[in-house]
Amino acid sequence: MWERYKPIKRVFVNRESYIDWMNDALSRCHEESVVLHLKGLGGIGKTSLFEHWKGMVQNTILLDCSRETTLFDRLDGLARTSAWLGIRLPRFDLLWTLRLRFVKGLQPTEEPGRSWAFDLAKALPFVGSMVNISKAIQVIGAKLRPQVQRRFGAVADWLQTRLGKNYVEKVLELLWKDPHQAEFLFVDALLEDLNGRKQQHQPLLVLLDHFETIDTEQHHWQYNDQKISEAELWYIFLSNLTNAVGVTASRRGLPPSLKAVVAVEEVELTELDEAGSRDLLTQRGVSPELHTQIVSISGGNPFILSAICDLAECCSLTGADVESLRADTLEQVRLKTWRRLLSLAEGLLEFVDRAGLIPLFDQKILEVAAPSLRTDHWIRLTKLSFVQDRGDGYWELHALARDLVLAELGDQLPKLANEVANRLEEASAEMSDYRLMGLALTVRELADPETAYAQAKDTVNNLTLHDRDLDALALVQFIRFTSEEGQAMNSRLRAVIHLAFGRVVEAESDFRQCLQLYRKLVSQQPDVYLPEIVWPLTNLSFLLTNMGRSAEAVAALREAVHVSEELVEKTSSEAAREALAYSLRHFGNFLTRTGQFSDAITVYKRAMQIYEALPSSTLTVVSPLDIQLSLARISLLSSKPDEAEELYYEALARFNELKGQPNIEQGGGMLCLAGLTLLFLLTSRVEDAEETGREVIRLGKALAKETPHAYKVALAHSFNLYGVLHRRTSQLAGAELELQEALSIYRDLAENTPDVYIQWVAQALNNQAILLRQTDRIERAEAVYHEALELYRQLVDKSPDLYRRHLAATLTSYSVLLRQSGRLSEAESVLREALAIRRRLTSKEPEFSLLGVARSLNNLGVVLAAAKRLSEATTAFQETLRLYKILAAKAPSLHLGGLTSILNNMGILHRQRGQLIESEQAYQEALEYLEDLVQKAPEFFKPKLTQVLGNFLLLCKDRRKPAQEIVELQNRLESIGVTKPPDKEEWSECEEDLFWIF
């Protein structure tokens with residue numbers, strides 16, 4: 001049969017009226033741009049007509065919308081084709097270069113015709129590598145704007161007209177914060193460039209094929225005070241082109257809403273008439289004796305006619321053969337023709353069947369799906385009229401041909417689909433080629449959709465967990481799920497990938513699209529799909545929280561909980577109860593992060609009850625562990641260390657029972673030990689803290705080395721915690737290395753995902769500044785404090801509920817540096833701000849906020865005393881003492897150290913006011929507590945004991961106490977290593993370390 005296969009000349013007949021339609025449009029577009037819409041059934045010849053028009057008009061841009069899945073991709077496709085035509089796009093290419101370099105972190109490539117802006121951007125940094133995005137945008141704008149103005153004056157003027165003087169900064173800001181407005185700017189830039197082309201005297205033809213794939217429902221943009229979809233945006237673009245004809249081709253007619261936006265002429269592409277059908281058959285070499293029968297049977301459908309022509313080229317076609325194809329409907333005719341064609345296409349049926357299962361393929365991919373494929377098979381296959389070259393290195397079956405393959409396979413479809421999916425999956429594992437895995441999952445959807453969706457979700461999650469984001473991206477790009485549920489899964493997977501790459505705005509769009517699709521499915525089958533809504537709602541809330549949009553986040557969470565509760569009431573199914581527990585757990589996380597601890601405890605306990613009543617699964621065994629850790633942290637915050645310790649050990653025991661099971665994250669044990677380390681640190685159990693801290697660092701390093709994407713942040717938290725421990729025990733060299741390591745990791749993570757990790761950068765800066773001040777590097781400490789405060793103020797502007805307590809803590813610590821530098825008014829100002837924040841928090845959650853108020857009040861009292869405002873200082877100290885006594889009575893292991901600090905300060909204040917007896921009483925009470933504390937934790941409390949003894953010694957000298965008492969105090973100081981008595985009193989001020997649980 002080989003000799004019967006030869007290159008097919010694509011035949012184009014009987015479309016004179018449509019050619020005339022185009023010629024008329026081209027003649028009219030000199031005066032006003034013409035926008036046309038070509039609608040028609042699949043297989044009717046829309047793409048063939050487009051290809052013909054492309055050959056007619058020299059300046060033609062053709063875009064297949066089905067192959068470019070996002071607006072930015074479609075714009076880039078149009079730009080690339082324009083460059084091939086010799087059209088320069090200075091505005092668009094500059095914006096595109098900025099987007100590639102500063103937003104996506106990619107080095108621009110010197111594409112032919114589009115390299116003019118390459119040198120401008122290649123040396124400038126990626127915005128995401130800057131800790132402070134706003135500051136980075138300003139720095140880059142200041143550097144880039146003069147170059148743009150000097151080298152590309154017209155482009156600069158155009159941008160300044162639209163965006164103002166700081167146009168570069170505005171472009172970057174839009175790309176980061178408002179991508180839909182940025183998209184509109186890119187559309188406008190491409191429009192301006194095309195209208196400014198040198199060949200403007202020649203008509204431009206812009207063809208958008210498969211326009212039915214463009215979204216007509218989501219309205220992301222506003223034009224002339226009217227909300228528009230992407231489809232409407234493209235029609236507006238086409239209607240604003242100069243001396244141009246824009247044509248869209250779709251299986252659907254124009255949406256009714258479009259008429260209010262722009263004028264479009266619509267024409268339907270119909271079957272070939274008899275003369276045209278005969279002409280096509282003649283050109284394809286079909287015997288004239290068969291023409292009448294073929295025309296009658298085909299109804300002039302180009303797809304059927306081409307298939308019959310293929311059939312005629314495969315065998316000696318007789319009248320009886322043609323008549324055997326007759327049927328009541330065109331669909332039945334297509335099916336009969338298809339069966340006959342493939343029965344005669346010797347040796348190709350196996351390959352066509354497999355090609356019909358795969359959305360796109362090349363020879364290598366098809367060889368995996370069909371190992372018996374030879375090169376001669378491949379050549380013959382690609383000559384069939386329904387096998388189409390995509391133009392990007394891949395091939396595909398015509399959509400109708402694919403439908404026919406699936407219909408013809410019938411009951412054999414699941415078996416063949418699973419076989420092909422297994423082959424592709426095995427090859428993917430052997431070659432580490434995740435394109436093949438994406439295609440495998442697509443094929444598996446045909447046989448077992450639920451398995452395909454679950455496998456896709458688990459695979460992407462596993463890849464991103466193990467820091468293999470590029471593999472996950474390749475996988476997702478080749479998944480082509482087709483059902484509405486599958487499309488929802490596509491959006492879900494894209495959201496995961498965008499989160500992994502730190503593209504939170506795109507992730508939000510993906511979550512919302514996923515949610516929209518599930519809502520539609522819920523309207524059809526509520527019992528099946530209501531649980532699925534919980535996932536995008538819950539994860540959208542997490543994203544919105546990190547973006548500082550707390551109000552929207554809590555609204556999404558409340559809806560997730562409400563939907564779950566409604567479902568439980570209706571069905572009480574396992575899926576419904578699991579969805580409710582999942583949404584409650586995340587709601588508890590949100591409440592914890594926003595300082596609503598009492599409500600969080602209630603929500604967590606309810607979620608725990610549900611989880612423990614559910615059958616065992618990965619989710620139901622891991623989630624209670626997460627809840628126990630959260631409850632333990634809250635117990636620490638509420639001064640319940642014994643309760644916290646019990647919860648941490650319970651969580652650790654639970655983890656040790658689970659750690660051998662598959663899919664159980666090994667970091668769970670690390671988190672339990674980290675929690676215990678913090679507990680030991682705060683309760684002054686130094687040896688225990690050292691032991692668990694070393695184990696946490698060891699585990700963190702091992703896990704971060706194996707899966708850095710998942711555990712780098714946990715390792716940074718551990719370094720931060722261990723560094724604070726060593727600073728508090730005066731191991732300053734080690735502390736500095738550990739705190740710097742934590743900061744370095746946080747900065748590295750914040751490069752690509754600042755919205756998530758910048759909070760940890762600010763936290764680490766606070767702790768580093770405390771160490772710098774304590775080691776007398778005052779200028780450096782102040783610079784670090786300023787950076788931390790600037791970051792926290794930005795975070796508070798975005799989400800005050802999340803970050804006000806952090807800002808108050810850093811302000812309180814900074815006041816120590818200011819007071820010791822003699823800048824009393826500045827110190828008082830920052831402390832008043834911190835106190836105002838903390839008093840507001842106390843009114844909502846007093847149990848969790850008293851300690852913060854006490855710390856800020858203590859430092860304020862010191863500042864007021866230093867300013868000789870002793871009466872005001874007394875008021876501040878008295879309230880501080882009252883709060884510490886409440887706290888110490890509740891949890892002495894946590895707060896006795898703080899109580900000794902305020903007693904020390906009261907001793908100094910009483911002496912300054914001439915109340916020497918009261919001063920002595922304060923020192924004596926402090927010493928009583930410290931004697932016991934030093935016995936338990938000398939590393940922590942010897943410095944404080946030294947401080948109080950020194951101050952007491954000065955008081956005794958002032959009161960002219962008996963020499964024996966003074967000598968005894970001096971001996972006590974010498975016994976703890978102090979040989980030179982102090983010559984002035986020393987205040988106790990609070991510098992607040994920040995940890996990951998806070």
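**Figure 1. Contacts across the whole chain of this predicted model.** Among contacts in the protein between residues at least 6 apart in sequence, 68% link residues that are at least 24 apart. The protein has 998 residues, and buried residues make up 57% of them. Its secondary structure comprises 45 helices and 9 strands. Along the principal axes, the C-alpha trace spans about 135 × 65 × 45 Å. With that overview in hand, let's move to the close-ups.

**Figure 2. An open sheet of 5 strands with parallel pairing.** Reading across the sheet, you meet the strands in the order β2-β3-β6-β1-β7. At the edges are β2 and β7 (265–268), each of which pairs on one side only. From one strand to the next, the twist averages 15 degrees. As a reminder for this view and the next two, strands of a sheet pair through backbone hydrogen bonds, either parallel or antiparallel.

**Figure 3. Strand β3 and the strands it pairs with, β2 and β6.** Is β3 (residues 204–209) mostly covered or mostly open? It is mostly covered, with 6 of its 6 residues buried. You can check this on both faces: Leu204, Val206 and Leu208 are buried on one side, and Leu205, Leu207 and Asp209 are buried on the other. Strand β2 (residues 60–64) pairs with β3 in the parallel sense over 5 bridges. Look for Leu62, whose bridge partner in β3 is Leu207. Strand β6 (residues 244–250) also pairs with β3 in the parallel sense, over 5 bridges. Here Leu208 stands opposite Thr248 of β6.

**Figure 4. Strand β1 and its pairing with β6 and β7.** Because 5 of the 6 residues of β1 are buried, this strand is largely enclosed by the rest of the structure. Strands β1 and β6 run parallel and are joined by 6 bridges.

**Figure 5. Helices α31 and α32 packed against each other.** Two packed helices are described by the angle between their axes and the distance between the axes. Helix α31 (residues 641–658) and helix α32 (residues 667–682) pack at an angle of about 160 degrees, and their axes are 9 Å apart. Angles over 145 degrees count as roughly antiparallel, and α31 and α32 are therefore roughly antiparallel to each other. Their crossing is left-handed. On the α31 side, the contact is made by Pro641, Ala644, Glu645, Tyr648, Tyr649, Ala651, Leu652 and Phe655. Helix α32 contributes Gly668, Gly669, Cys672, Leu673, Gly675, Leu676, Leu679 and Phe680. Sorted by class, this contact has 12 nonpolar, 3 polar and 1 charged residues.

Terms used. Residues numbered from 1 in each chain as written. Predicted model: local features only at pLDDT ≥ 70, side-chain atom pairs only at ≥ 80, totals over all residues. Heavy atoms only, no water. Buried < 20%, exposed > 50% of the residue type's maximum accessible area, 1.4 Å probe, protein only. Helix = DSSP H or I, 4+ residues; strand = E, 2+ residues; numbered from the N terminus. Pairing = 2+ DSSP bridges. Axes fitted to C-alpha atoms, helices over the stretch in contact; angles between N-to-C directions. Parallel < 35°, antiparallel > 145°, perpendicular 65-115°, else oblique. Left-handed = near helix turned anticlockwise from the far one by under 90°. Contact = heavy atoms within 4.5 Å. Nonpolar A, V, L, I, M, F, W, Y, C, P; charged D, E, K, R; others polar.
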